[in-house]
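Please read them alongside the coordinates.

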Amino acid sequence: MQQLDNQEILMKLKASKQFWDIKKKIKQGFNEQLKIGVNDIQKFAQSCEIEDQLIKLISHILKKSKKRETLKEDQIEFLNTSKIKWTELLFKNLDIVHQKTKNQEEDDTNTDSKLYIYDEKNLLAFLQTFKQQQSNSLYQNVQFQSNKLLNINIPLKSSQSILDKYQYLLLQEELQDDKINKIRKQIENEHLDIELEKIAQNFVPNGERCLLYLKYFEFDHQETVIQQNFAKLQKECSNQLFYDELLEIDGHEISEDTFYFVFQEQILTCLKCFIRDKTIKENIRIQLQSGLKKENTEFQLPVAGFFPFKNISKYVAPICYLSTKIHIIYALFKEFFCRYFCFLHSISSENNSILALCMQIEEIVSTRSPKLFHHLKVIGSDTLKLIMHQLVYCFIGDMDPPHILTIYDQIIGHDSLEILIILCVGFLNKYKPKLLLAKNYENVQQIFSELREDKFQELVQFAYKQ
Amino acid sequence: MSEYFRKYIKKEHYSNHYSNLKFKTSFRNCILEALKRRQWKEVEGDDWDIMWAEKEWIHEVMDHTHLQPNQKINHFRNHYELTRKDLMIKNLKRFKRNLERENKMEEANNYNFFPQTFHLPSEYPIFCEEFKRQSQNGESKTPWIMKPIGKSQGKGIFIFNKIQSISQWKNTLRFNQEAQQAESYIVQKYIADPLLIGGKKFDMRIYLLCTSYQPLTLYLYRTGFARFTHHRYDNEDISNTYVHLTNVAIQKTSDNYDEKLGGKWNLQTLKLFLMTKFGQEKVAETFYNIQMLMIRSLQAVQKIIINDKHCFELYGFDILLDASLKPWLLEVNASPSMTSNTPIDFELKCGLLDDVFTIIDLEKVLTGNEEQIGGFDLVCKGNPIKLPLNSTFTTYLGSFNNRQQQLKKIAKSTALRLAQTYQEIQTKSVGDGSKNQKEKEEKEKQQQRSTSKGPQSMQNGINNKIGMQPKQNSIIKRNGTNLPALGTLQYKTNVKRQPLQNAVQVQPAQIQQINSNKKINEEQTLTPNQKLQQLTIDNKLSTFQPYKQQSQYNDVMGMSNRNLQRNEE
């Protein structure tokens, strides 16, 4: 934690609208008294019942003044070594991909559009290797053979607490116009994180989301700065990188999606800027790959500090429904990735990490739907294998954009990716009857290749269905 | 789909059975497919009930042709008053002026949905003055767009912001006397702040069906398209037409034209985007404004267009939204493209046309008071129709197109109504006790008809309204004569109709009699060759349905196109 700079705190205080409101009230209250002490303010605040507001404001400013540092080391040692291994593996993959593209250039007829450094299946396969490693070192696991794909000793929240936390979503109803207007005004006037989170947890009216997100990420008065930064990055894009080619190939899938094909060009531009953005390294909450410089390799990690992976475009796509300005889209995407989505690609024991999320899902499904869990295991299509795509890509491509943005609301509202656990469990429950009839992996594949339309509220309801 | 009507309505309950109807068209795209799907027969000569003609035919032939009372045609005589760029603007301007004169200022102010426009060369001096005035006021940055009159698909369009470019154009015209007559243009103030999605410009194609100008009867189709340009919009670069023009015909020549999705969004996806970005209220207002814009533009020409009960017209409105979501009318097409570039597009257009034919109601089964038919909603009948105050919608434009469910519902209720009417007629005829005499008369009529082939002669015996008893009987018999391969067909229809048979109690003796009549007539009138011909037509119909599967999914599930694309892969 960095030491707090008083000047900085004061500046932040002054930037806040509430500060001026409270100051005005205090000034009126003291009637031009010359010297005011801290005790006076406290007494006055108590008498006008603005004490809570004052405390919230000060704690908010303090929180904002603290710089959240990037998590580099994990408390579990073997995860640190695993991360290094993972990075090495990705470097190898990169070499293969590079070789393939070279071959393609020579032979135009053989165009393999599926070129990527890694995808969610590779990630899961890598996570699976932990089980064996750990069971060798910790002998109690050898005696207790688990059915789960991942069974590692990391600190986890209780599944019940997560289920309880999101249970309120079951009671959500569509709001009347007057209430929507009230929320709209609230978003316009509110600056405190906690209050914005509360709104995001409950209901964000369409059309107001962009403002809420911008305020939450403190971009609301910085549009020109955002625009300038983006313009700089765009200039840098004139230097071609090998990664650009991969990003272009990655965009093909999005270009076949009715909802997103219009944005293909904007998405590509955002991603090209993203891998060139130096500020990501400082802002990202968790280091994804340890930037070991490997000898004899042609390539380095991109400036952003991690490799672009398959379907990275998907994370940008729904944000295109929030603004028509590309620099706003970029700023929002960057913030979403650095705060939340990075955890979906992290080898870590953090609560938000893909490892923890996967284990929570397995835990809930195995205890609440043991029959399904066992059946899937028997037919060789483990629960996690089924759900990994939806989990890693936040259901983007499975639900319509407004539903995806509702997921984003929940992520902001709880500053956590736990909502994905609920949705994945709901997803499995929804298709449970069909899945129980499946006899092999192909049958399961067939179920998901059929036409389907999943909705946020529907999956939440299925998650709590016994 | 019309197949619900075929499924639920008994053959003898039709005033005018679909198998008797004949169509003529020179089009070979979705129009032909949609006509065939209704199981109407294609003819070459003048013996048709409906003709889907090209505009040129109307101008060249229609004035010299006498149409029979039952014949329907897809254009009004002087539709160009609305669909030619210069005349449309002239009429809109005139209507606005008249409203102002009548002191209806509020309504006149609503006619602000077309950009400032001049006709060239006739209004060249006025345009030059206006151009100078605007440049003096510093408004010169907004470019102007030149559109040749009478050309479509974006041909000959160019954009300029210096008066020199247009004087050059004018000089070339002066040298070429022939061209001067042929090429008149309109010059329009360019809408420089269009709404961009994904950095791309787009316009909307929305379909409006007019079945009558007196009273003005309009049906608005729920689904339309947003057509995107394929290059990022750049206000500075006015020479690149790809950036500015959204016509599919132009976009096709661009390199990265996306064949799979056709560079189009359907209106529902566009609405979803706009709602997510701008919020529900604002988008509802915009779509309501679009609907009113369309009604108003037809009201402006209502008194000018020659109303004709033979005519109906399907208009394709091109509408642009600017950054503040204000709709602008670009033009009205009398022959909106019915060529499809993707399977989904194909099904959409066939569905649209099918609903048009249902509304035209050549089979004469509807009451004419239906508020929704398929994907079409009645938006104007004399006056614009307002939805009830407690309704969640202000317009159905761009909302979920529930045409399948709606057609099923309407077909069921129509079948019941027709069955009841039929029953009433039957009981009446029994009560009269003059059955035998009437049968004799009918036989005589039958003989007369078999000699004449024209639909007009058949139509003479048919009244538009069901309820005229002797004519009803005549129809039943006539159906019998024209039905091919009755054995199989009737078996199928009987099976399908089972649920309805309980609801309708037709006297068994009468049915027997009718059936026996049919069989006799059929054998008498159909030669083996004719039978064979009919059979092959039927076979063609069942096989020529290239995208049937997708459409069924789409219609039943109301699924998004995205999923359909996947399924197709």
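1. M51(B) has I73(B) of β4(B) as its bridge partner. Strand β3 (residues 50–52) of chain B runs parallel to β4(B), joined by two bridges. Strands pair if DSSP finds at least two bridges between them; helices (H or I, at least four residues) and strands (E, at least two) are DSSP runs, numbered from the N terminus.

2. This is a predicted model: local features need pLDDT of at least 70, side-chain atom pairs count only at pLDDT 80 or more, and totals for chains, interfaces and linings use all residues. Residues are numbered from 1 along each chain as its sequence is written, chains are lettered from A and ligands numbered from 1 in the order written, and side-chain values use heavy atoms, without hydrogens and water.

3. The parallel pairing belongs to an open sheet of four strands in chain B, ordered β2-β1-β3-β4. β2 (41–42) and β4 (72–73) of chain B are the edges; each has a single partner strand, so one side of each lacks a neighbour in the sheet.

4. Strand β17 (residues 376–381) of chain B is largely enclosed by the rest of the structure, because five of its six residues are buried (under 20% relative accessible area, 1.4 Å probe, protein chains only). Five bridges pair β17(B) with β11 (residues 216–221) of chain B, antiparallel.

5. D377(B) is the β17(B) bridge partner of L220(B) and of Q372(B). Q372(B) lies in β16 (residues 372–373) of chain B, which pairs antiparallel with β17(B) over two bridges. Two residues separate these strands in their hairpin, where G374(B) takes a positive phi near 60°.

6. The hairpin of β17(B) and β18(B) has one residue between the strands; G382(B) takes a positive phi near 80°. K381(B) has N383(B) as its bridge partner in β18(B).

Note on methods. Buried means under 20% relative accessible area, exposed over 50%, partly exposed in between (1.4 Å probe, protein chains only).
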